[in-house]
Amino acid sequence: MDYYNKIDEAYLTELQNPMRKLKFKVEILSHYEGAIGQITNDLSSVEVGSISINKEQGCRRSCSFTIIDRDEKYLPQVDSWFWYNRKLKLFIGVVVSNDIYWFPQGVFITKSATAHGKALAIEGIDKYGFLNGELNARMCLVEYQASVTNSKKGTKIADLIRDTLMLDLGNNIPLDPVEPLIDPIFYNAELYDDIVIDDGGYLGEIFDKLAEMYGANIYYDVNGRLRMERVFNYNLPSWYRHLSPQSSLGEVDITETDIDVQYNYDGVNIVTVTTDNTNGEIYSYTAKNENPQSPVCITSVGYKGLDGGTYYISLGDTTLDSGEEKCRMQAEYMLLQNTCMGTSVSFNYPNLPHLDVDNTIELTNEYYKFKKQLFLIQSLTIPLSNGEMSIEATNLQWLPFDTDCISIYCETSSDTMIISYNTNGGKDKNGNAITYENVKQAPNKQIVLQGADMYNENKLLAWTDSQGNKYNYGDVYTIPNNDTTLTAEWATGNEVAVTNTLSADSTIEFQSMSPSRCLIRYDDNEVVRRNTNAISTFKKNYSSGTHDTTIVSESDDLTNFDNAFDKETTTKIDCSKVKATYVNSPMGNGFENMTDFVFPTNMENLSANDGILTNCGNLTNITFPTVYFYTNRANSFLTNSKFVNGLELPYNLTFIPTVYVDGETGIEDIKYNEILKDSHVVGKLNIKASTTNKCVVYVNKETTRLVIYPATVQGRSYLMGKGVEGDLSGLQNIQIGRSTNINDTDGFASNTSATINLSLDFQSGNCTTQIPKNAFNGYSGNTINVTIYGNVTDSNGITLEDGAFCNMSNMTKLPMTNSTSLKVIPENCMNNLASLTSAATGYVVDVEGCNNMSNLTTLRIESSCEKVNGFNDCPKWFKQ
């Protein structure tokens with residue numbers, strides 16, 4: 001089983017194993033961060049990659065790795081996985097028995113790709129690269145200003161962050177569509193000073209300035225969400241002291257040769273911040289490192305100040321924070337940052353993928369007098385191998401604040417916050433209403449959110465706070481500085497109902513349809529959920545017989561659709577409740593025993609290269625989308641499948657072939673235009689669908705009737721080649737509707753003996769005006785009925801092309817009804833037709849053919865004909 005972000009006894013025990021096995025994977029993301037692919041086996045083990053994480057403002061994470069591109073599928077190009085602005089997510093997993101404990105390491109943007117032979121080296125940075133100029137994205141071409149207004153309240157900081165992230169990258173997609181996680185203290189806080197970015201600057205400067213002004217950290221976390229967290233909240237400047245260590249290294253003997261301790265003697269232990277206003281009261285605050293345990297405290301080394309002395313800030317609005325409070329927050333923040341840069345320890349240690357910067361570890365070393373000492377992680381370098389990671393950290397006792405005093409303060413009851421749950425209709429497995437007890441904890445403490453045992457039909461759960469921030473059950477939640485109610489939000493996802501028919505007791509495997517949160521409900525009402533953005537696997541022991549299972553995925557990305565179901569036992573798939581409007585990955589392929597398939601009701605685009613309902617052996621009932629939909633991949637749509645009850649392609653379907661035009665010759669090359677190639681339609685094939693360009697329809701010997709008749713006046717079917725290909729030996733009847741254009745065919749219906757009803761149309765768009773080249777040449781049947789629609793005159797009559805109606809040994813009569821006008825009959829047409837009967841009001845002009853028609857009885861030739869050279873040796877016919 002795969003676990004994500006889970007730390008339990010089994011995982012911690014495995015970390016003590018020096019021979020533990022690690023796994024690595026790269027998840028390829030869309031811009032909206034749904035997973036669209038995954039790389040595991042192709043990661044190079046020779047060119048070992050790494051992840052670097054630094055406790056910095058803005059861009060914290062970078063990565064590098066190498067892929068072995070054996071099949072040329074990773075080569076950088078437009079629409080490939082490694083191109084401009086492409087996103088990926090890295091995971092490191094620890095193998096524990098048959099389980100893998102996965103830990104995300106961040107969402108990265110491809111910064112560069114270097115191909116050397118079949119090796120492709122990738123470098124990436126986290127999403128702050130969109131903001132800080134490293135990817136040259138969102139450069140300000142004019143001066144950009146974010147400021148308060150005089151007529152109403154100023155811009156709220158949280159709104160400013162969200163609005164900035166939703167700015168257009170320049171290609172009609174937002175800079176970052178993922179909702180940021182913002183400290184609740186900033187929800188109502190207003191910007192108190194202008195932030196101006198000069199021409200040529202980048203939007204990240206807004207966030208950098210915000211973090212500096214309000215004493216906050218701003219960065220992208222392991223899941224690719226932008227976080228803005230206030231470092232100092234009123235009287236609690238060093239909240240990180242109260243976090244449990246992410247890992248205890250106390251039992252591991254790290255010798256003095258394994259650890260480096262760095263003391264930068266230019267460190268800072270005093271910072272003064274003053275407001276720069278010239279009118280009114282001027283505020284100031286001085287932060288000092290007077291912690292006797294710190295090696296750089298004032299009593300040990302004297303005063304060590306900033307270059308330039310006093311640091312000035314704008315006073316701005318003092319509604320939320322006083323001038324003195326603003327100076328205090330800024331001064332303490334800068335003192336903390338400078339102390340962390342001035343004193344550090346670094347060492348190597350076996351890979352611990354759950355570690356992150358800005359959290360604590362516990363370390364023991366006799367030489368340096370560290371006894372279960374807490375350290376704040378400053379940087380990590382993590383190899384994508386079984387090698388050791390590098391850790392740089394700061395001893396918490398070296399920081400400027402007195403640990404004991406702060407601990408006493410934090411334990412007072414006035415700082416206890418209440419976290420309550422509103423389950424919003426949630427129930428347990430037995431259908432009973434469920435409640436969770438309130439949690440009382442101090443700010444910045446962490447808890448694990450409830451909800452793993454709560455259900456509400458086939459819906460997905462997320463906890464939301466009053467500001468709309470969403471959290472999953474099982475998430476580690478940091479207590480804010482105010483009482484909070486978390487309300488269960490129940491969301492419907494992309495729901496598929498699947499039926500499995502088993503001949504014997506079996507274990508059936510299911511998977512989520514995409515790398516996203518998912519839920520599965522079995523027919524015995526057992527419900528299982530996965531709270532991870534990865535492909536999840538489920539197994540169920542089913543007895544012989546028929547079983548119905550429901551699978552719900554949060555994302556409308558259907559990349560894993562065909563792997564989600566057991567192809568041997570699946571007999572029905574109902575996708576009517578899938579919300580996705582397009583699919584570009586396989587759907588319904590290789591289900592040999594599937595009889596029923598229901599497409600998503602509102603799916604507009606069915607254009608997967610790898611096939612939709614292909615290689616299926618027993619399709620009986622297909623329900624197509626109810627909206628107008630199309631495919632530009634006819635060659636992989638319903639191909640090589642058997643339709644045992646016939647098939648009707650509905651009027652709301654359009655086939656869109658791809659047309660390439662040679663720039664020099666102007667010759668068209670039409671691709672993806674073969675409809676139903678290698679498929680077996682038993683009985684009637686009724687094509688009401690239209691095409692935007694020329695296509696070929698394939699039938700097989702089990703097809704007895706073919707109807708091509710687009711059902712709307714606007715719709716057209718355009719045919720080419722012979723129009724109808726395949727094994728036509730079983731066809732008994734072909735009906736070609738008036739909205740079907742056969743002008744561009746060559747040898748239309750020449751390879752069949754079926755009765756043919758051909759409708760030609762002058763009424764709606766002059767769809768068909770000619771009998772094309774070699775049409776019916778060699779036709780072995782004995783009935784062709786041609787019906788004309790519209791007002792036919794000598795100026796718009798039917799034109800026959802070379803070879804039409806030739807060598808038809810069984811034809812004795814060619815009826816053309818409704819004012820037939822044969823405008824042009826070339827020499828090589830109707831060479832042995834026994835009888836041609838036209839309407840009395842028809843016309844014939846430009847005649848060269850129609851010779852040796854011994855039984856020709858009726859044909860009207862108007863005196864206005866320019867040339868009448870045909871109809872020789874026709875003893876029963878005479879000119880009128």
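Leaving aside residues up to four places away in sequence, L638 touches I612, L613, T614, F624, F643, L647, L649, L676 and S679. Keep in mind that this is a predicted model.

Where does L638 sit? It lies in the loop between β41, residues 629-631, and β42, residues 642-643. Is L638 buried or exposed? Its relative accessibility is 0%, so L638 counts as buried. The cut-off for buried is under 20%. Now take one partner from that contact list, I612. In sequence, L638 and I612 are 26 residues apart. In space, their C-alpha atoms are 6.0 Å apart.

Now the whole chain. It has 880 residues, and 53% of them are buried. How many helices and strands are there? Seven helices and 62 strands. Next, contacts. Take those between residues at least 6 apart in sequence. Of these, 66% join residues at least 24 apart. The accessible surface comes to about 38400 Å². Carbon and sulfur atoms account for 44% of that surface.

On to the strands. β32 covers residues 518-521, and β33 covers residues 527-530. How do β32 and β33 run? They run antiparallel, joined by four bridges. Within this pair, L519 stands opposite R529 of β33. The two strands form a hairpin, with five residues between them. In the turn, N525 has a positive phi of about 75°.

Look at the side chains of β33. V527 and R529 point one way. V528 and R530 point the other way. Which of these four are buried? All of them, both arginines included.

Two helices to finish. First, α3, residues 157-165. This helix is mostly covered, with seven of its nine residues buried. Those are I157, A158, L160, I161, R162, T164 and L165. Note R162 in that list; it is buried too.

Then α4, residues 204-214. Which residues of α4 are buried? They are G204, I206, F207, L210, A211, M213 and Y214. What follows α4? G215 does, and its phi is positive, near 60°.

To recap. L638 is a loop residue, and at 0% relative accessibility it counts as buried. β32 and β33 make an antiparallel pair, and V527, V528, R529 and R530 of β33 are all buried. Helix α3 is mostly covered. That's my tour of the model.

Notes: Residues are numbered from 1 along each chain as its sequence is written. This is a predicted model: local features need pLDDT of at least 70, side-chain atom pairs count only at pLDDT 80 or more; totals for chains, interfaces and linings use all residues. Side-chain values use heavy atoms; hydrogens and water are left out. Buried means under 20% relative accessible area, exposed over 50%, partly exposed in between (1.4 Å probe, protein chains only). Contact means heavy atoms within 4.5 Å. Accessible areas come from the Shrake-Rupley method with a 1.4 Å probe; for residues, only the protein chains shown count as cover. Two strands pair if DSSP finds at least two bridges between them.
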